[in-house]
Amino acid sequence: MPELGLNDGRYTGFATSMATREFTTNSAEETIALGYKIASGLTPPKLVLLRGELGAGKTTLVKGIAEAFHAASQDDVTSPTFTLVHEYRGPDVNIYHIDLYRVDTQRQLETLGLDDLIAGNSILLIVWGEKFQRFERERDIEIAIESLGENQRIIRIKGKSLGERPLKETQDC
């Protein structure tokens, strides 16, 4: 896999205590590799919002995160668009891949029981979480994926735990 590091990327700062790092990936394999590196910086419990249009590569990134925690193989990670929640249990960390695309009301959200998933060993990866203000407030990290073509992606990672120090220029994977 390509060598990536969370110390690579471009620091764009933020008015709040959030820092943003930006990466470019040029293939699904590089996006998965970035997922591995992101996982190395995730200590449960965490709530992570994943943003991006349909087909942007959110599930591809989750493949790397889940595999890094030995919670699922890449082949076992699929989009939870219709099931809404996929659970991947690792030896130390449980990953919950949650898709709120088809959830429109607070009542529908409450029936999912997401509060019950929050535990000391859990990481919630929520797709389309920006639909609900609660997740905007409670998120620890936000990952936005922008497709620049068939394979190229710009991935911006914003979070309190990323630190405030200057970083290298944008990393091409």
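This is a predicted model: local features need pLDDT of at least 70, side-chain atom pairs count only at pLDDT 80 or more; totals for chains, interfaces and linings use all residues.
Is the crossing of α1 and α2 left-handed or right-handed?

Across the protein chain the mean pLDDT is 84, with 82% of the residues at 70 or more. Residues 1-16 are another story: pLDDT is below 50 there, although the model still gives this stretch 56 contacts beyond near neighbours in sequence. Residues 163-173 also stay under 50, and for them the model has 37 contacts beyond four places in sequence.

Now for the helices. Two packed helices are described by the angle between their axes and the distance between the axes. Helix α1 covers residues 28-40 and helix α2 covers residues 58-68. Their axes come within 7 Å and cross at roughly 45°. Because of that angle, α1 counts as oblique to α2. And there's the reply to the opening question: the crossing is right-handed.

Which residues do the meeting? On the α1 side they are Ala28, Thr31, Ile32, Leu34, Gly35, Tyr36, Ile38 and Ala39. Facing them from α2 are Thr60, Leu61, Lys63, Gly64, Ile65, Glu67 and Ala68. Sort the residues of this contact by type and you get nine nonpolar, four polar and two charged.

In the loop between α1 and β2 (46-51) sits proline 45, and a cis peptide bond joins proline 44 to proline 45, with omega about -5°. In the loop between α2 and β3 (85-89) you'll find histidine 70. Its phi is near 55°, a positive value in a residue other than glycine.

Last stop: charges. Side chains of opposite charge can pair when their charged atoms come close. With a cut-off of 4 Å between the side-chain nitrogen and the carboxyl oxygen, the count comes to eleven salt bridges. One of them links lysine 131 with aspartate 104, whose closest N and O atoms are 3.2 Å apart. Lysine 131 is in the loop between β5 (122-127) and α4 (133-138), while aspartate 104 is in the loop between β4 (94-99) and α3 (106-111), so this pair ties together parts that lie 27 residues apart in sequence.

How values were computed: Residues are numbered from 1 along each chain as its sequence is written. Side-chain values use heavy atoms; hydrogens and water are left out. pLDDT is the predictor's confidence in each residue, from 0 to 100. Contact means heavy atoms within 4.5 Å. Axes are lines fitted to C-alpha atoms, for helices over the stretch in contact, and angles run from 0 to 180 degrees between N-to-C directions. Helices (H or I, at least four residues) and strands (E, at least two) are DSSP runs, numbered from the N terminus. Angles under 35 degrees count as roughly parallel, over 145 as roughly antiparallel, 65 to 115 as roughly perpendicular and the rest as oblique. A crossing is left-handed if the near helix is turned anticlockwise from the far one by less than a right angle, and right-handed if clockwise. Ala, Val, Leu, Ile, Met, Phe, Trp, Tyr, Cys and Pro count as nonpolar, Asp, Glu, Lys and Arg as charged, and the others, Gly among them, as polar.
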